[in-house]
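I set down each look-up in the order in which I made it.

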Amino acid sequence: DRRTPSHPALQHESPPQGDQGRRRGRCPAAMPSPRSSPAGRAAPVPSPSCAAVAFRSLLAADLRFSRQLGVCAGERSAWGSARPLLRLLEVSGHGVPWLAGTLYGLGRSESPAGREVLLNLLFALVLDLVLVAMVKGLVRRRRPTHNKMDMFVTISVDKYSFPSGHATRAAMVCRFVLHHLVLAIPLRVLVVLWAIIVGISRVMLGRHNVTDVAFGFIMGYMQYNVVKYFWLSPLSAPALFAVWNQ
Ligand SMILES: CC(C)=CCC/C(C)=C/CC/C(C)=C/CC/C(C)=C/COP(=O)(O)O
């Protein structure tokens, strides 16, 4: 039946009357031909805008594609035997080891320059946790249905998937490390690869949809700009460093 919208995003939508929908900026692609109600009258329900149709189509494609890529979502999945390796990657991008490692480094560091960098890394990691928790709490997108909720240490908002906290952290830490550590080229390449693989592994583990990770990378990349802007130093935060150096 050509009059029935084929896309799930368009189902349950009734046609607009005449060209009213078009005049209101509705999407022509989403407008089925007028249909009569059983009583013989056309039902005046608006059809979605082009932006809404495009958005829903993107989300539907994202869900489909992410499910196909979730090849390590369970032990019995296509690549289930690689799951332990991907879970190791999950721990490598988790907040707890990064926070613990940074605090440990701060405790051991004897050079003022090292302490400054580590203090800012700590600030970056906490900022990341706060911002990701806020966005997850606002968007409230559920994790993919094929995800097994067996993640290492989570907080309440981690039942939501948008954005991927691992992707934001990986992108931000990657930029941070590349800016503040003097590393040989092969190591710099490894850091970038690690960040990318952590992101991809989130989808393969079934933890996230592709858009969660893509947005996470962008958000993490931008978070580093915030850290750079508010860089803590003996000049910008003298009290903090005075306490520290006592
Ligand atoms: C380690 C120290 C010294 C303190 C820990 C403080 C603490 C409990 C911080 C919370 C860390 C935490 C639970 C982060 C969440 C990491 C996580 C599961 C993110 C979800 O990532 P996603 O990619 O699945 O969105």
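Entry 1, α4 against α5. I looked up how α4 and helix α5 (residues 112–139) pack, and I found an angle of about 155° with the axes 9 Å apart. Axes are lines fitted to C-alpha atoms, for helices over the stretch in contact, and angles run from 0 to 180 degrees between N-to-C directions. I therefore recorded α4 and α5 as roughly antiparallel to each other; angles over 145 degrees count as such, under 35 as roughly parallel, 65 to 115 as roughly perpendicular and the rest as oblique. The crossing of α4 and α5 is left-handed, the term for a near helix turned anticlockwise from the far one by less than a right angle, with right-handed for clockwise. I listed the α4 side of the contact as Gly 95, Trp 98, Leu 99, Thr 102, Leu 103, Gly 105 and Leu 106. The α5 side consists of Arg 115, Leu 118, Leu 119, Leu 121, Leu 122, Leu 125 and Leu 129. Contact requires C-beta atoms, placed from the backbone, within 7 Å. By class, I noted 10 nonpolar, 3 polar and 1 charged residue in the contact of α4 with α5. Ala, Val, Leu, Ile, Met, Phe, Trp, Tyr, Cys and Pro count as nonpolar, Asp, Glu, Lys and Arg as charged, and the others, Gly among them, as polar.

The model is predicted; local features need pLDDT of at least 70, side-chain atom pairs count only at pLDDT 80 or more, and totals for chains, interfaces and linings use all residues. Residues are numbered from 1 along each chain as its sequence is written. Helices (H or I, at least four residues) and strands (E, at least two) are DSSP runs, numbered from the N terminus.

The axes of α5 and α6 lie 10 Å apart at an angle of about 160°, which makes α5 roughly antiparallel to α6. This crossing of α5 and α6 is right-handed. I found Val 117, Leu 121, Ala 124, Asp 128 and Val 132 of α5 in contact with α6 residues, including Gly 165, Arg 169 and His 180. The contact of α5 with α6 divides into 6 nonpolar, 3 polar and 2 charged residues.

Entry 4, the loop between α5 and α6. I checked the backbone of Pro 163, which lies in this loop, and found a cis peptide bond joining Phe 162 and Pro 163, with omega about 0°. Arg 140 also lies in the loop between α5 and α6, and phi of Arg 140 is near 55°, a positive value in a residue other than glycine. Most residues other than glycine have a negative phi, and most peptide bonds are trans.

Which residues come nearest to the ligand? Of the 17 around it, I noted Gly 95, Ala 100, Ser 164, Gly 165 and His 166; a residue counts as near if its C-beta atom, placed from the backbone, lies within 6 Å. α4 (95–108) and α6 (165–180) each give two or more residues to the shell, and α4 gives the most, with 5.

I found residues 118–139 to be 100% helix, with end C-alpha atoms 31 Å apart.

Conventions: Two residues are in contact if their C-beta atoms, placed from the backbone, lie within 7 Å.
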